[in-house]
Amino acid sequence: MMASDGGGLGFDGLVQSAYDELRGLAHRIRSRQLLHPQHDTTSLVHETFLKLSKSNDLQVSDEEHLHAIAARTMRQLIIDLARKHGAEKRGGGRARQELHDDIQGSEAPSTDLLDLDQALDRLAALDPRKSQVVELRFFAGCTAEQAAAVLDVSVATVHREWDFARSWIYRELSRDER
């Protein structure tokens, strides 16, 4: 992994400056019960950086960019853990989650993380930024303001895209349940 010369920190400097923030991100993930009880926040942060460091062609320009990449990587790790624990036996106690954030609730039913992951992949094929908004808001627990900074868009845009994405995912998950 490489850092672009824009900020002058380099990857190690970015990691150092973002470590506490990403640890907070992992704590939010754990508090939302997205992380399997056998895994702790420190291991999630370390596994995230380990996975990122193995990527030779990854370009990180600044802390916000690192945050977005780390949120996606943490999503992948959480989904991998859900698959692993779900494979222990059919149904495997896969965790069901409410698709809402701390600011506003949702009418969405509880959903399986693996079903949500598949719906997010379908949404990403249609509109990658809306999928990123969900990753940042739901998986990373970012506020609209934080997500706007990471995506370099207005807060109003994040709110619009979050509302659309939640409705779209709700419809997709409802369709899958039929």
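Val 150 is in contact, meaning heavy atoms within 4.5 Å, with Glu 64, His 67, Ala 68 and Leu 136, once its neighbours within four places in sequence are left aside. Val 150 itself is found in helix H6. Helices here are DSSP runs of H or I with at least four residues, strands are runs of E with at least two, and both are numbered from the N terminus.

Before I continue, a word on the source: this is a predicted model, in which local features need pLDDT of at least 70 and side-chain atom pairs count only at pLDDT 80 or more, while totals for chains, interfaces and linings use all residues. Residues are numbered from 1 along each chain as its sequence is written, and side-chain values use heavy atoms, with hydrogens and water left out.

Is Val 150 buried or exposed? Val 150 counts as buried because its relative accessibility is 16%. The cut-offs are as follows: buried is under 20% relative accessible area, exposed is over 50%, and partly exposed lies in between, using a 1.4 Å probe and protein chains only. In sequence, Val 150 and His 65 are 85 residues apart, yet their C-alpha atoms are 6.3 Å apart in space.

Ala 68, one of the contacts of Val 150, lies in helix H3. With a relative accessible area of 17%, Ala 68 is therefore buried. Beyond its neighbours within four places in sequence, Ala 68 is in contact with Leu 136 and Val 150. From C-alpha to C-alpha, Ala 68 and Leu 136 are 7.1 Å apart, although 68 residues separate them in sequence.

Let me now turn to the whole chain. The protein chain has 7 helices and 4 strands, and from the N terminus on, its elements run β-α-α-β-α-β-β-α-α-α-α. Of its 178 residues, 46% count as buried. Among contacts with a separation of 6 or more, 63% are accounted for by residues 24 or more positions apart. The chain exposes about 9,300 Å², of which carbon and sulfur atoms supply 48%; accessible areas come from the Shrake-Rupley method with a 1.4 Å probe, and for residues only the protein chains shown count as cover.

The next topic is the nonpolar core. Such a core is a set of buried Ala, Val, Leu, Ile, Met, Phe, Trp, Tyr and Cys residues joined through side-chain atoms within 4.5 Å. In soluble globular proteins, nonpolar side chains tend to be buried together. Which residues touch the most other members of the largest core? Among its 47 residues, they are Ile 29, Val 134, Phe 138, Phe 139 and Ile 169. The elements giving two or more residues to this core include helix H1 (10–31), helix H4 (113–126) and helix H7 (155–177). H3 gives the most, with 11 residues.

Val 134 deserves a separate mention. Apart from its neighbours within four places in sequence, Val 134 is in contact with Leu 120, Leu 123, Phe 139, Trp 162, Ala 165 and Ile 169.

This brings us to a pair of helices. Two packed helices are described by the angle between their axes and the distance between the axes. The axes of H4 and H5 come within 6 Å and cross at roughly 150°; axes are lines fitted to C-alpha atoms, for helices over the stretch in contact, with angles from 0 to 180 degrees between N-to-C directions. The residues making this contact include Leu 116 and Leu 120 of H4, and Val 134 and Phe 138 of H5. They divide into 10 nonpolar, 1 polar and 1 charged. In this grouping, Ala, Val, Leu, Ile, Met, Phe, Trp, Tyr, Cys and Pro count as nonpolar, Asp, Glu, Lys and Arg as charged, and the others, Gly among them, as polar.

H5 is mostly covered, with 9 of its 12 residues buried; among them are Lys 130, Glu 135 and Arg 137. After H5 comes Gly 141, whose phi is positive, near 70°.

Finally, two further residues. Glu 161 lies in helix H7 and touches Arg 129, Lys 130 and Val 133, not counting residues up to four places away in sequence. Its relative accessible area is 9%, so Glu 161 is buried. Thr 48, in helix H2, counts as buried because its relative accessibility is 1%. Not counting residues up to four places away in sequence, Thr 48 touches Ala 70, Thr 73, Met 74 and Leu 77.
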